[in-house]
Every structure is written in C-alpha cells, then in structure tokens.
Amino acid sequence: MPNRILWINPIGSADFDSPMQVFLESGTHPDTKLDVVSLNRGPLHLEYHYYGALILADTLHRVRQAENEGYEAVVIGCFYDPGLREAREITDRLVVTAPAESCLHIAASLGHRFSIIVGRKKWIPKMRENVVNYGFEDRLASFKSVDLGVYDFQKDPAETARRLKAAAREAVEQDLAEVIILGCTAQFGFYKELQEELGVPVIDAILAPLKYAEFLIELKKRFNWSQSKRYGYESPPQEEIKQWKLEEQYGTSGLWG
Amino acid sequence: MTNRILFINPFKGEIFDQPIRAFIEKEKRADTEVEVVSLERGPEHLEYHYYEALTLVDTLKKIEQAEKEGYDAAVIGCFYDPGLREAREITNSLVVTAPAEASMHIATTLGHKFSIIVGREKWIPKMYENVVNYGFKDRLASFKSVGLGVHNFHKDEAETAKRLKDAAKEAVKQDLAEVVILGCTIQFGFYKELQGYIGVPVIDAILAAFKYAEFLIELRKRFNWGHSKIYGYESPPEEEIRSWGLDAQYEEETT
C-alpha cells in the first residue's frame, strides 16, 4: 500500500505544480505516491499577508478533502506554513506538515544555529514569529534577504544562485550560521550547488517537508503517534458545522460527511 | 544498501541489550540493521550526574568505533542525551541522535504542549536544562515523577503501568499536556497501553530516537544533510590528538 501525500501549493496558479512534482519525485521514498496541486482561485503568490488570509479557507477545505480521499499526509507548500494549526485541527486520519516547521526541526538537529534566506525583507517579521513559536528563537543566527520575489527565483537561475551564495556566505561567516535554510518553496533545487560550495548543510524547503511528511506517516502507522486531538488540535463539532450550514455557505457540500 | 544503526546503552550491564534489540527489531525499516551494545565498565544506571560523567569517555569511544566500522547512525540510549554534542563533534560520516532530542522534536510536531514522565524527581533539573537548550521550554507542560528508579520499571510491570497511567492522566488533565513523553529509555514498551488509556500520543523514548536516526540517515544519504562541521560541531584536529597521545592515554585506562 503506497503512502499518498498531497502537496498543496496554496496559490491560484498551477505554474509550480509540475516542476515541483518532478523535483520532489527525485526524493520520494519508493512507497510514496505524491500529488502536487494548487488552488482554483486566488493570489499567485503569498508575499502579502492579505493574500495569505484569502487562501486559508480554500487551503483548509483542500486539506479536509484530502482526508476524505484517504491521503496519509498533506504538505502545505509555503514557508509561512499558512493554516498548519487549523489543518491539524480539522483532521484525524492524516498528518500535516509544512516547510518552516520541518526545516527548523531538521536544521536544529544538524547544527546549533541556522540562518534563513528569504526573497524579500518584507517576509521576515512574520517568518520570525514562526521561528519563535516553534521554539527556535535562540537557534536563529539571522534572516538574509536576496531581494527577489517568488517569481524571480527560477527566472534567471544563475543570478539567483549568485545571490543565494553571497547571502549564505555572509550568514555563515558573519552571523555564524552552521546550517542554511532556503526560506521559500520557490527556491527549490538550489540547495545542492550551494551546499557543495559552502560546506554546510543547506536545507531545501520542499524536500524537507516531503521527508518530514514521510517520517510522520511512519510514526502514525507504526505507533499511532499523530496530532494530539486534545486541547489545541481538538476538532470543531460536526453538529455545529452542520447546524450553522457552513458547507452551504462556503460551497463545500459533503466535506464534513 | 542497508542502513546500519548502533544503539548504545551508555552504562554497564547487558541486561537491557537483548530486550531493547528485540523491541526495536519489530519496528525497524526493512533496510535497517541494528546492533544494541552497552559499556564494558562503569555504573549500571545514570541516575547520578557523577555516573554520567564517568561514562562519557567510553560512550564516545564507541561512537568513534561505530564511525570507523561504517555505521550510518548511532543512538545514545539515555534520556539525558549524554555526549550528544561531543559525539557529533568527533564524527563526520555518521549521524547521531538521542532520546530527549528526538522525542521533543516529535512531540512538538504532534501537539502544542508536552509532559515528560520521569522515574525520580532527581532527574528533573538536568532534563529541564535539555528542554530549554533544545528550544522547547514554552512547550513543556510539566515533568511528572513516578517514584521509580531505572531498574524498577520492568520489575513489577503492572505497578509501573499503573503509576505511569496516573502520572500521564494528571499531566493531561491538570497540566494540559497534549502529548506525553516517557522520559527514560527503560520505560520502553509501555507507550501503547498508556496511549490507548489516555487518548493522546505517548512517545516511547527508544522508538523516537531510533526512528529519528532512520530519518536523519535518509536526509544524509539523499541530500547530504548531515551535522554541520563548522563552528559548534567542528572536529578537534587529529594532529593535536595524536601529538598529545590521547588515544594511548585513554586506551590504557580501559584495559
């Protein structure tokens, strides 16, 4: 029985779906079957928090649908980890992860301090909140920005690689980072060359959650360790959702059984 | 290609080697091979910090050997994670993990707050330092003690299970823990019954560390993500170790 993982690009564009699928499949476990999807509407990137707010409902409904379809795991593919808490709240049978969470856990096991390389300075305050929330504030060496938007990374890969290298080098030499995290899923694929040149681990923000999802699936299947349904991730009562007619109002009939 | 993992019980006494090995064998991946070893000398548990200090040199020797013998990972099997930093410092090709680190990474992914159930109150201050160091101070609901020493857990298993259940229930109900960690490797095997009883994930310290080791091996093999060898885990210079004659000095002592 393959382990089915749904990768959701939480944006209204399928542009990244197939390049990411191809790249991710080079790293999947033989038992994994991966599907990469995006949303049917909405902003084309999440560089503004307003955009991040718009996509939440559709992203969460896609997660819930994945649970109904029998997926074992979902990855919410944006380094802001949008909706991660809510996704765990509304699911029981599948496990959910996201890039920042998985990258930070891995980085903290590989070195003492890490730096996160982002596209634009705009992204830093919110991402910093996630670092603090996940517990890794004292492990953060720095954020570095390369002044590129989400859609610029893959446009001129040579220029992107040059900027990422310069930023990563500064992070290691000046900020004493022992591990580098590429803090945007659209930076996928650059880690290998960077890592060889710098001599420290460089964590790719799409491979990390893919592998973390596989790890979580294994823990769930073998030991029944999955998101605790007590307190923080306790699910909303189905009767209430039905009674309030949320399915009709949000056009998601059948989603809640 | 098989992945070889060395699980080190960092104390003297083989009594746990076979049961732990049998326990792990059931849960390992098909392509993993596991060896469980303990130390040839030293204290028989690490409940006192002095004992732990004594074992470090031999534990690190085992790690060094494991790297030479081509193991892919080593697990230091004690919830104090003794020598974890040093083990990563002296190795290059293998990955190293330990129960507290692995359990806490897993627990904080599964819930917001966790409690750690220990054997004796004595253990708490030092383990608390590890919680803080790993970054999870704000995620800790509580430590709970069941008033049992390392060698008591498997003596009267019914009594142990009863005490663990009471402590875990208190952790969940009173301290609002969403996940429970069994904070001693020798509490192995109790997680399943407990988890069924309290309805939250109960993390077994051995399985957590072992699965985390398999996970780290995969990251290492596929992406070359191993421990960073710059700064904190930079290895001591071999020339220095040789010129000081450290190997010979500590070899003598062990024979």
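User: How many Å separate the centres of domain 1 of chain B and domain 2 of chain B?

Analyst: Domain bounds come from an automatic or database domain assignment. Taken over C-alpha atoms, the two centres in chain B are 23 Å apart. The assignment puts 3-98 + 207-254 in domain 1 of chain B and 100-205 in domain 2. Before going on: this is a predicted model, where local features need pLDDT of at least 70 and side-chain atom pairs count only at pLDDT 80 or more, while totals for chains, interfaces and linings use all residues. Residues are numbered from 1 along each chain as its sequence is written, and chains are lettered from A and ligands numbered from 1 in the order in which they are written.

User: How many residues does the contact take from domain 1 and from domain 2 of chain B?

Analyst: Two residues are in contact if their C-beta atoms, placed from the backbone, lie within 7 Å. Here the contact takes 18 residues from domain 1 of chain B and 24 residues from domain 2 of chain B.

User: Which helices of chain B supply at least two residues of the domain 1 side?

Analyst: Helices (H or I, at least four residues) and strands (E, at least two) are DSSP runs, numbered from the N terminus. On the side of domain 1 that touches domain 2, helix H1 (17-25) and helix H8 (205-223) of chain B each supply at least two residues. H8(B) has the largest share, 4 residues. For classes, Ala, Val, Leu, Ile, Met, Phe, Trp, Tyr, Cys and Pro count as nonpolar, Asp, Glu, Lys and Arg as charged, and the others, Gly among them, as polar. That makes this side of domain 1 of chain B 12 nonpolar, 4 polar and 2 charged residues.

User: What does the domain assignment give for chain A?

Analyst: Chain A gets domain 1 (3-98 + 207-250) and domain 2 (100-203). Their centres, over C-alpha atoms, are separated by 23 Å. The contact between them takes 17 residues from domain 1 of chain A and 21 residues from domain 2 of chain A.

User: Now the chains themselves: how many residues of chain A are in contact with chain B?

Analyst: 39 residues of chain A are in contact with 40 residues of chain B. On the chain A side, helix H5 (99-110) and helix H9 (207-223) each supply at least two residues. H9(A) gives the most, with 8 residues. By class, that side has 18 nonpolar, 13 polar and 8 charged residues.

User: Where is A:Glu101, and is A:Glu101 buried or exposed?

Analyst: A residue is buried if 20 or more other C-beta atoms lie within 10 Å of its own, exposed if 12 or fewer, and partly exposed in between, with C-beta atoms placed from the backbone. A:Glu101 sits in helix H5 of chain A and is buried, as 22 other C-beta atoms lie within 10 Å. Setting aside neighbours within four places in sequence, A:Glu101 is in contact with A:Asp81, A:Leu84, A:Tyr134 and B:Thr109.

User: What order do the strands of the open sheet in chain A have?

Analyst: Strands of a sheet pair through backbone hydrogen bonds, either parallel or antiparallel. Two strands count as paired if DSSP finds at least two bridges between them. In chain A, an open sheet of 4 strands runs S2-S1-S3-S4 with parallel pairing. Strand S2 (32-38) and strand S4 (95-97) of chain A are at the edges with a single partner strand each, so one side of each has no neighbour in the sheet. Strand S3 (residues 73-76) of chain A pairs with S4(A) over 3 bridges, and A:Val75 has A:Thr97 as its bridge partner in S4(A).

User: Which residues of the largest nonpolar core touch the most other members?

Analyst: In soluble globular proteins, nonpolar side chains tend to be buried together. A nonpolar core is a set of buried Ala, Val, Leu, Ile, Met, Phe, Trp, Tyr and Cys residues joined through C-beta atoms within 7 Å. Of the 168 residues in the largest one, A:Val74, A:Ile180, A:Ile203, B:Ala74 and B:Ile203 touch the most other members. H8(B) gives the most to this core, with 13 residues. Not counting residues up to four places away in sequence, A:Val74 touches A:Leu6, A:Ile8, A:Val63, A:Ala66, A:Ala87, A:Leu94 and A:Val96.

User: And what is phi of A:Asp147 near?

Analyst: Phi of A:Asp147 is near 55°, a positive value in a residue other than glycine. A:Asp147 is in the loop between strand S6 (140-145) and helix H7 (157-173) of chain A, and is exposed, with 11 other C-beta atoms within 10 Å.
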